[in-house]
Amino acid sequence: MPIVSSSPETSRPETLIGELARTVSALRRLGCADRSFVIELLHRVIAKHIYACGIWAVFESDAFDNRDHVHRGQPGQDASGRFIPRWHRNQGDLRLDCSHGHDSRQLGGWYFLPCSLRREVIFGPYDEHPLTGMPYLMVSRVAPLFDGHRCIGAVGLDVALDHLPHLASVNTSRGPASVQEDSAEDVLQRGHCFLSPAGDLLFAGPRARHLLTADGTTRLPAPLLNALRTAIARGITHHQCPWIADGRRLRASFMLHPHREHWVLSLEDARQPVAAQTAGCALLSPRETEVLGWVEEG
């Protein structure tokens, strides 16, 4: 069950996507609805953040400049001219494509939920394969776009969890001053690690390693190991439990990788509001979304 966390507004680096959303919205308010400029802006952002697998903007039909019919079939636009650009590294080099799945209530939770909640969210991990054919687990940080009080779309940044070990090896070769791996964890506000079914740490990002292995061990702490064993014994692929580290209450979420044999453990602050979405199933109804919003507000 992918985890959806709402993100408070702060001035820390993890507001990268929130700042991008505000920039694009401001440009439209100033009458600078230039599609090529937005495409170039997205390119500049992802080029500076090698941990990002993709960055995108999805606008509702005719919501960007009311000129979809002029841009039919152009790069970053679909056959109707709807503005949905996505830069990605799926084949290694940066390429401009269109977003996929945003019109599907089953596949487009990363788009529909932030628009419904009207706030920035961290969505995932979710299976990327139905969207682009890539066998990755993805986590997306997404911020809605507004025209006044009307939500007209969203912008988001995608991180493939499968790439984190490679990024870690690249950073190690660059020396201890490298910040790229930390940047991925900062943007997602989570620590992630890969686990064998026996509970051995196959990989752990610096945040996750700090929260799990203060004594230097390479095995899960007993309470989390028991939680993993419970999930395996019950034949379930998703499991959550509380965890306390550094005096902080955390949420530990286990997920069996849909294309690998290892498990993925996500660790985040338990104070972050959370809504569970079952992969491959319909999203919340409008009424359920409304109730969820009120629950999150207390």
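Phe 194 has Phe 203 in strand E9 as its bridge partner. Strands here are DSSP runs of at least two residues (E), helices are runs of at least four (H or I), and both are numbered from the N terminus. This is a predicted model, in which local features need pLDDT of at least 70 and side-chain atom pairs count only at pLDDT 80 or more, while totals for chains, interfaces and linings use all residues. Residues are numbered from 1 along each chain as its sequence is written, and side-chain values use heavy atoms, with hydrogens and water left out.

Two strands pair if DSSP finds at least two bridges between them.

| Pair | Bridges | Direction | A partnered residue |
|---|---|---|---|
| E8 and E9 | three | antiparallel | Cys 193 with Ala 204 |

E8 and E9 form a hairpin with five residues between them, and Gly 199 in the turn has a positive phi of about 95°.

Is E8 buried or exposed? Five of its five residues are buried, so E8 is largely enclosed by the rest of the structure. Buried means under 20% relative accessible area, exposed means over 50%, and partly exposed lies in between (1.4 Å probe, protein chains only). Both faces are covered, with Gly 191, Cys 193 and Leu 195 on one side and His 192 and Phe 194 on the other.

**The sheet**

These strands belong to an open sheet of five, in the order E9-E8-E12-E11-E10, with antiparallel pairing. Strand E9 (201-204) and E10 stand at the edges with a single partner strand each, so one side of each has no neighbour in the sheet.

**Helix H8**

Now for a helix that lies across E8, E10, E11 and E12: H8. Its 13 residues (222-234) should span 18 Å at 1.5 Å a residue, and its end C-alpha atoms are 18 Å apart, which agrees. The expected span is 1.5 Å times one less than the number of residues.

Which residues of H8 are buried? They are Leu 224, Leu 225, Ala 227, Leu 228 and Ala 231. These cover an arc of only 160° around the axis, which puts them on the same side of H8; the arc is that of the directions from the helix axis to the C-beta atoms. The face turned away from this buried side carries the exposed residues Pro 223, Ala 233 and Arg 234. After H8 comes Gly 235, with a positive phi near 70°.

Terms used
Contact = heavy atoms within 4.5 Å. Axes fitted to C-alpha atoms, helices over the stretch in contact; angles between N-to-C directions.
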